[in-house]
Amino acid sequence: MSVEIDTSAFTEEAYELLSELEASLLELEESPDDQDLIGRVFRAMHTIKGSGAMFGFDEVAEFTHEVETIFDMARNKTISVSKTLIDLTLAARDQIRSMLDAAAGGEPADKNNAQKIIQGLRALAPGAGGAPKDSGGGSAKKPPAQASVDEPHVYRVRIKPNQDIFANGTNPLLLLGELRDIGEDCQIIAQYEGLPPLEKLDPEQCYTSWEVFLTTKQSENAIRDVFIFVDDQCELNIRLLDREEVLGNDVQKLGNILVQRGDIKEEVLEQALKPIGDRLVESGVVSSSQVKAALAEQNAIKAKRDKKVQAESATSVRVPSEKLDGLVDLVGELVTVQARLNQTASTRQDHDLQLIAEEVERLTGELRDNTMSIRMLAIGTTFNKFKRLVRDLSTELGKQIEMTTEGADTELDKTVIDQLNDPLVHIIRNSIDHGIETPDVRIAHGKNPQGLVHLSAIHSGASVLIRVEDDGKGLDPNALTRKAIEKGHLPPDAQLTDKEAFMLIFGAGFSMAEKITNVSGRGVGMDVVRRSIDALRGSIEVASELGKGTTITLKLPLTLAIIEGLLVKVADELFVLPLAAVEECVELSRTDIANAHNRHVINVRDEIVPYIRIRDRFDIPGEAPEIEQIVISDVDSKRTGFVVDSVIGQHQTVIKSLGKNFEHSEEFSGATILGDGTVALILDLSKMVRYVEAEEEDLSESVAA
Amino acid sequence: MSVEGINEPTQFLTFHLGNEVFAVEIARVREVLEYTKVTKVPRTPDFMLGVINLRGSVVPLVDMRAKFSMPQTKATVNTCFIIMEVLNEEGGQTVVGAMADSVREVFELQPDNVEKPPKIGTKLRADYLRGMGKHEGKFIMILDTDKIFSAHELRSIQQGQGADAD
């Protein structure tokens, strides 16, 4: 393993920890007394610091150490969690991130900013009085000296490393040295009874365990922190010895001393203790049920701890996403081959072969679903990022905004989630900047001064619907249309439905903002949204009520690699239409065409639906059949028909890129390989409609001129 | 009189278009396939024959006759697809197929036997050629595949056609 791989593992982990940190901090802001959350923040900081120092990110480690120090005080309740603390820690989190970015070749992090954050944090420490304290010269490894409050305690620390601890490069002696450093008095007794006879001794194994009697002012947490990286590699048992209840128990103390001196083993002690328990019962000091209860309690705690350790080690596996991509490609090929097998089997009239083909089909389907599910991630992490965005933006714009989320556990393909970030940022910014009013305006309109942004995700068939709702001032369709005409995006006599008017906000260079702020108003954002969603083969819908609010719904496919398609035929050419967009198929006869005076529209249950003839659009030679089929689809919230010769049926479509050479063939989103090994093109319906619209517009303009 | 990039004995694959013989460097040729059904991609230049399935990946095919503005012929039993690896503008590798009337042989040329292409008289754009090879008393045109099959070259005509709606 090369050094570079190691560093990337660290940065990857650190980025993850940072986003976790951010989420915890934002939660902490809501419930500042939650010790669990404070613990989480602390652990994240500690891990970044520790592994940062290990991988040579000294700057990161030193800086993080300062932040950690303050949070340790919060953990020990020396200081309380205030908004200033959270603000500063969030700033610190950003600073760590930019330090990491800088290490990865990005812009260098601002050192003055780091200094400012540290000074701000130090000012929070009790007794600091605003004056920065001496940091002690980069003693990143030493836990903070301010952590304790009262007099020293005596702890018994039992450390029993796993035998293979050396394999991880851990030197237990260093850990013991660290322990010695934090205490005033420290006695270390090594336990050798694990040592095998010399001929069986493996020098690469650790057979020794230790007992440490440590007198220190530090808390138990500080001791645990020494072992934070070897948590799962050794048994650690820490006990405070000078508490009343411990001192008071003579029997146990005797046993302890014996164990400590190595006179008897723990098992022997336990055995010896059992009859004591029985004898206690006999003498009537305690009842047998009490002893049983105590034992049960001990077992329960033990079991819970074991379970927790097990769960922690088995929850997740980190795999580079390229490996997953490779797996998905292979599954895609398998699906294609399986389709061929099915086709061959059905023409062969061989019963046995058909049985095998069916079995392979079932397995392939399961394999495909499983593989796809591996790539699925909960959208929650993305949602958490927006909490921060909303918090920062609302402060900047002087608005009070609460953000609520729903369906954070909804799963989406990793690629989709990655590419969803930017469009969502733009939409949310837009909602906050243009949608939600300032508190005084809201009060004047009889609304709650605090605005609401609601982010939700739900599954709907093979798609996921992501909604951004706000209770702001809403969109005015008439104003939008006027603006579009003013800017020349629309002819002066354009008549738009409300829905169509709302879609105008996604036009390039279209902005309703009176002035340009650094948040939005340049008319770039929503255009980007539309393009990104197109690239994801998704669609956008806008609903809005003037004065009440706006809802933007993104409809996205669950996955990008395999879609359900509808296979259609025009002359000898086969095409695939995304089934998710298809609503119905109706027939188109020659009389229908005559009735519509050769105009490309058809009456479907009293609704006028325009259609595009694929044969004409793609210049496919040959005569159209007497009765053609129109596949009616929902394209950008408009019903549009696509005329084909015949509809063949549903097809599991593995999407293959057409490559750079066909980059300009935007009407196709890719190609797929059919059962017989030939290639069929996948139509990008929304692009096709837009091209045809634009071309017809050019035509009508040239006729008018 | 050698040509840049051909400094040592190099093997070439020759193919026919009508009576003319062309050569491509064998190191770039991945395989030669028999003629199969091609899926035409609508609204692309004429010389873009379409795409085929090459063991699960979609590979674009170029009609060499159309690319060199030669008259069209019917596919015969000898018609074949030469699948090649070409370097694209970004330095990456893409796979492209070329349809030829037939493939002939693989032979080795000494650098001395390769000359710079003449600026006129080849009926081809000079930048399509890497050089002229002398083999058994005949001249063979050695093609610059990276140039001919660059994505930019293959898209060039399209911009006037499909992208006017932008």
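**Chain A at a glance**

Analyst: The accessible surface of chain A comes to about 37,800 Å², and 51% of that belongs to carbon and sulfur atoms. Accessible areas come from the Shrake-Rupley method with a 1.4 Å probe; for residues, only the protein chains shown count as cover. This is a predicted model: local features need pLDDT of at least 70, side-chain atom pairs count only at pLDDT 80 or more, and totals for chains, interfaces and linings use all residues. Residues are numbered from 1 along each chain as its sequence is written, chains are lettered from A and ligands numbered from 1 in the order in which they are written, and side-chain values use heavy atoms, with hydrogens and water left out.

User: How many helices and strands are in chain A?
Analyst: Chain A has 22 helices and 21 strands. Helices (H or I, at least four residues) and strands (E, at least two) are DSSP runs, numbered from the N terminus.

User: And what share of chain A is buried?
Analyst: Buried residues make up 43% of its 705 residues. Buried means under 20% relative accessible area, exposed over 50%, partly exposed in between (1.4 Å probe, protein chains only).

User: Take S3(A). Why is it called largely enclosed?
Analyst: 8 of the 8 residues of S3(A) are buried, so the rest of the structure largely encloses it. A:Ser209, A:Glu211, A:Phe213 and A:Thr215 point one way. A:Trp210, A:Val212, A:Leu214 and A:Thr216 point the other way.

User: Which strands pair with S3(A)?
Analyst: Strand S1 (residues 153-161) pairs with S3(A) in the antiparallel sense over 7 bridges. There, A:His153 has A:Thr216 as its bridge partner. S2(A) and S3(A) also pair in the antiparallel sense, over 7 bridges. A:Ala190 stands opposite A:Trp210. Two strands pair if DSSP finds at least two bridges between them.

User: What lies in the loop between S2 and S3?
Analyst: A:Leu201 is one of the residues in that loop. A:Leu201 is partly exposed, at 33% relative accessible area.

User: New topic. What about the sheet with S14?
Analyst: That is an open sheet of 5 strands, in the order S14-S17-S18-S16-S15, with mixed pairing. Strand S14 (582-589) and strand S15 (601-604) stand at the edges, each with a single partner strand, so one side of each has no neighbour in the sheet.

User: How do S16 and S18 pair?
Analyst: Strand S16 (residues 607-613) and strand S18 (residues 638-644) of chain A pair in the parallel sense over 3 bridges. A:Tyr611 stands opposite A:Gly641 in S18(A).
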